[in-house]
Amino acid sequence: MVENNSNLLLLVTLAPLATSLVVIFAPRVTQAGFARVYALVGSIVTLLLSLGFISGMRADPAAYSSFMSVPWIEDWGIRFTLGLDGLSGMLVLLTNLLIVVSILASWTAITDRAREFYACLLVLQTGIIGTFLALDLFVFYIFWELMLIPLYLLIGIFGSSNRIYATMKFFLYTMAGSLLMLLGILTLYFKTAPLLDDGATFSIIRLVQVSSQLPIETQTIIFFAFAIAFSIKIPLFPFHTWLPDAHTEAPTAGSIVLAGVLLKTGVYGLIRFAIPLFPAVAEAYAPLFLALAVTAIIYGALTALVQEDMKRLVAYSSVSHMGFIVLGLFSFREEAISGAALQMLSHGISTGGLFYCVGLLYERRHTRLLSEFGGLAYNMKIYAVLTVIIVLSSVGLPGLNGFVGEFLILLGTFQVAPVAAAIATLGVILAAVYLLRMTQLALFGKLDREENKALTDLNAREISGLAALIFFALWIGLYPRPFLKLVEPTSRSLAELVEPGAGELVSDRVASIPANSPSQSDNRGQIDGAAGR
Amino acid sequence: MSEIFILCIPLMPLLAFVVNGLFGRWTREVGGWIAFGAMLISAVISLILFVSALLGSADLVLPVTPPPLWDWISVGDLSISVGLHFDQLTAVMCFVITFVGSLVFLYSIGYMHGDPGFARFFTYLSLFAFAMLILVLADSLPLLFVGWEGVGLCSYLLIGYYMDAPGAADAGKKAFIVNRVGDFGFLLAMFLIYKYTGTLQISEISSTAIETFQYGGAAITVITLLMFLGCTGKSAQIPLFIWLPDAMAGPTPVSALIHAATMVTAGIYLVVRTSLLFALAPATMTTMAVIGALTAFVAGTIALTQRDIKKVLAYSTVSQLGYMFLACGVGAFSMGIFHVMTHAFFKGCLFLGAGAVIHSIGGVQDLFQMGGLRKHIKTTWLTFGIACLAIAGFPLTAGFFSKDEILFKTFVDAPVLRIGAFDLNVNILYIIGVITAFMTAIYSFRAFFLCFHGESRLPSDVRSHVHPPGATMKIPLVVLAIGSLFIGFLNVPHGIAQTFGMGDSGAVFERYLGVVTEPAAAVIASHRTEHEAEVEVASADSGHAAAHDEHVFEEHAAEAPQESHQETGDVAALATAAAAEHGAENGSAEEHGSAGEHHSVALELGLAGFSIVLALVGIATAAFLFLGRWPDASSRLGDSPWVSPLRQFSERAWWWDDAYNTVFAGGTWMVGVVAVWFDRYLIDGVLHGVARTARGGAAIIRSLQMGQVQAYAMIMLIGANILLLVILIW
């Protein structure tokens, strides 16, 4: 392996951690202190540093354009391996962008224990970046767990009234997943050891080469250990109930990061580890995941529909939207996987933006109940305009970001699982119902509450955060090509990996599984035939 | 050169949108003139292009396809670029959108004068114009969908423009959501088309359609039905028409432009744009004709009793849109578009006239609080009257030519309902169409008489200061009224043209648009002859053919030289043969399926005469009931025991809304509540149960606690080792 750009890789990963040290020792001058300034500067520097990856990513999104691997615990074959390709690079950039936005969103909202708050946020950032970059399962697990603690603190200390319940729920859910995953990782490690001539390893690059030689039962068990952990994180129905509580209680910044990038680590885990390691199992159980994804889409949308608390509403919309991503992934069609990957980015922007918008109101009114608002478009004109744009991007209006991903996901999925795609498309209708309901109740109607009449419109700081998100929403909506190019190799290889043939090896052993898994060969032939004409 | 002009058409309103959107705070009233100016430039370009296309100018070779602007979405085999396509159909649509659009913009400068949201209004309006132009200029279905959703968004924003008006926000949301239901169909249709043809480029779809799809096959039928579902949303047809009447909550110029002249015709545009696909699916064609006719009828009956002048016009729009789908459904695609054009003029004029009325009497919309306004606002009275004549189908007005031709085509080509018991073929669609035409005359003149004639019923505070509209509002009214009078002459039917010594100069528009609809017409024509041949064989065998069938067959037999092909049953061969024969026979682009010239001139004239009589009787009926000379005629009729239930049925709009609210809105909400319950008590309930069990277990474990860190560490170590052991052995 060629080691290139490795310094930058390490720098970007550890810069937030370093900043957090600076922040925690920041002088306490004003209420929020210097902490927020340091944090903002640090996060912007990290963002700028990560822009250095772009040229490498664009030149060859398939390769790990930035890569480093140093021995760590050699006896156990653990190497500190990080690598950045198109997909992970895109997600790292999203992370760094959203951290900047969330620091802007906390600027005046967090005044108590600001140093601890920003330090947590920055440690969280390192955890997320590391998770997206790790190519060694052991390292991955370390970073994965590293994400958990700061978020636990962010919700537990800085959250609203019912935060203890929410944190416990969040913690138990994810810990359960983590433990399963740890078992999976260890099993994989020991079971593959005999197959490797150069000794046991946690390196995903090596493991992928041999994992398919394992007995199918072992593969299935390890796959589900991973898949359940990731499904909890995504969260996929029925593992989603921690999300609304965590979101509702989390401070705005926590919600933005949680929805924007943390949930994506689950999907990323599926794309990077679970599916490439066990493509045959993934294909065999694809119908199960398609079914759960469709359920999540409809179920999330329906529950979002009747929420009175705006944050809960957006949280359930997240469940619905993440369902689309899982749907696209498990259709194993190139269009759909690309769409899912793009939707990871899109959802981060739209939902991050929605939580920001709700947070702005919460900071002003200390309530998130829809019934408390109405007619805000009269005295918060800029807020209303920006919120409507963010809402539309989440609804999937063509020309904005949400549409491209959803369209590709549904188009691709339809080719192999038309019924699932058709039901999922109903979710597009419902998205309009619940989001427009929220918009209407909050922004339109009569401005009849005295408390609301005094509300001030957004200031420059608040506008800049939302404007940055809207900029990307428009960019992805109108010209998604650069982003699609970044994820193209990943989606293509994934689609090819799970092509029929790879699955035949095990087809007789998993005969008990429903046989109506997507048969791609037929459709592919049809398309090719049509294109040939 | 023309490519640059074509790019300019959507670009101008986009510029106006950006300028007003970003600097609306400072542009204020000037913003309206900026938007109007931009629109006027687009209108001039569109007019020039449309006229040169109509005259077949050598400088303009259609279709013009500028090179794609950029690569939008491309993944794997899928490649969608942002590209425009300008042909005869686009030319008409661009002309209608920009011409009526700029008049409405001008009108709005006067109408919206002094409104606090002036800049916002023109921002939305410019964005709408841009999106609508993208819709008709797009060369691929996804790009068309961008425009499709874009106009829906603007509609949503503009319906809810008066934010604090009761129901405005609800109406906007309703429009958006109902349209989304339609979009669901449109999206699925796209997915299916991609599955079968591997492309979403409209021209490529059309060129591969005949080979890909079997005539009348399940795939094409499903695709077109789903597309038609999309159209019923956007163009307010049964079952999705319920949003349009509510949309009248928006400012009246918006109703004129978006909810009458342009956006709601997008569905017809889509059908004609993909007419070849529809032609391949006879079942969908029949469905479309039936839905169109039914919608025309239902909406017509509702329009008869509405009190709100804008509601009358809204239901009238739904009804007229029904005619357009009826036209498409019987294969007269170009007549559907022709009615789109004439309707844009007379309905635009009616709405703007209604706006002028409302504006002049301070916001009153109830017809029963108007009356006698003729004396105060003469221009509006005159233009409104002309538009009423046009929509009622008064001879030689625009509506007469377009609606009459649709009825004629329906009479000739509509599928007939066979009543076996009486051995009778009934063209039920034609009958519905004729009844609706009669109702059209009644409801439009009811509104006209109630508004402008008779005693003034205005509230006394309003009566004293009726202020007539200014020049910016009058000019559009006059221009549209002139259009309503004369634009119909673009397509004088053959029969009438010949009778009145115009020779072959008739049906200009039909021939003009024939280039676009020709492939579809060829498919329909070839299968129609094939079908009739079968009927003939069947009739000969059984020996008791219905007279009508034989008659029709004889007419067609003469012009069916491709009988030899029929035995092969090969769709492609048939279509090609039909197209070839068609080219050879006429040498010009004339719509084939209509078989215009072959039907006797007498029939055409007879039907036209019948329509004229109906229109006149309708107007007379309205005059009898509402002109005030017999003051209680209408109320006596309305309250009579036979009519009263019908009147209620009509007033409540057949209870469609109530039914939908209960079933869908209420149903969805209920399911949502159940889902939340499920979340809280079932999933979390299980979770809490687990937690409680764990806590119980913890009590036992607690007894093992020794309070020594070493002990814990030891236990942990043992535990980990056991775990490892298990893994290693297993």
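## Close-up views of a two-chain predicted model

**View 1. A salt bridge joins A:R481 and B:D71.** The two side chains meet at 2.5 Å, N to O. The model is predicted. Between chain A and chain B the count is 1 salt bridge.

**View 2. Chain A and chain B share an interface that buries about 5,900 Å².** Of this buried area, 72% lies on carbon and sulfur atoms. On the chain A side, 70 residues take part in contacts. They touch 58 residues of chain B.

View 3. Which helix gives the largest share of the patch? Helix α21 of chain A, residues 460-478, does, with 4 residues. A:F471 sits in this helix.

**View 4. A:G323 lies buried in chain A.** Its place is in helix α14, which spans residues 310-331. The relative accessibility of A:G323 is 0%, so the residue counts as buried. What does A:G323 touch, leaving aside its neighbours within four places in sequence? The contacts are A:A293, A:A296 and A:I297. Take A:I297: A:G323 is 26 residues away from it in sequence. In space, the C-alpha atoms of A:G323 and A:I297 are 5.0 Å apart.

**View 5. B:C451 is a buried cysteine.** How many disulfides does the structure hold over all chains? The number is 0. B:C451 is accordingly in no disulfide, and the nearest cysteine sulfur, that of B:C388, is 9.3 Å away. A disulfide needs two cysteine sulfur atoms within 2.5 Å. B:C451 counts as buried because its relative accessibility is 0%. In chain A, A:C120 also counts as buried, because its relative accessibility is 11%. The cut-off for buried is under 20% relative accessible area.

**View 6. Chain B is built with 30 helices and 4 strands.** The chain has 730 residues, and 58% of them are buried. Its accessible surface comes to about 28,000 Å². Carbon and sulfur atoms account for 68% of that surface. How much of the contact set joins residues at least 24 apart in sequence? Among chain B contacts between residues at least 6 apart, the share is 78%.

Terms used: Residues are numbered from 1 along each chain as its sequence is written. Chains are lettered from A and ligands numbered from 1 in the order in which they are written. This is a predicted model: local features need pLDDT of at least 70, side-chain atom pairs count only at pLDDT 80 or more; totals for chains, interfaces and linings use all residues. Side-chain values use heavy atoms; hydrogens and water are left out. Helices (H or I, at least four residues) and strands (E, at least two) are DSSP runs, numbered from the N terminus. Buried means under 20% relative accessible area, exposed over 50%, partly exposed in between (1.4 Å probe, protein chains only). Contact means heavy atoms within 4.5 Å. Buried area is the accessible area (1.4 Å probe) that two parts lose on being put together, summed over both. A salt bridge is a side-chain nitrogen of Lys or Arg within 4 Å of a carboxyl oxygen of Asp or Glu. Accessible areas come from the Shrake-Rupley method with a 1.4 Å probe; for residues, only the protein chains shown count as cover.
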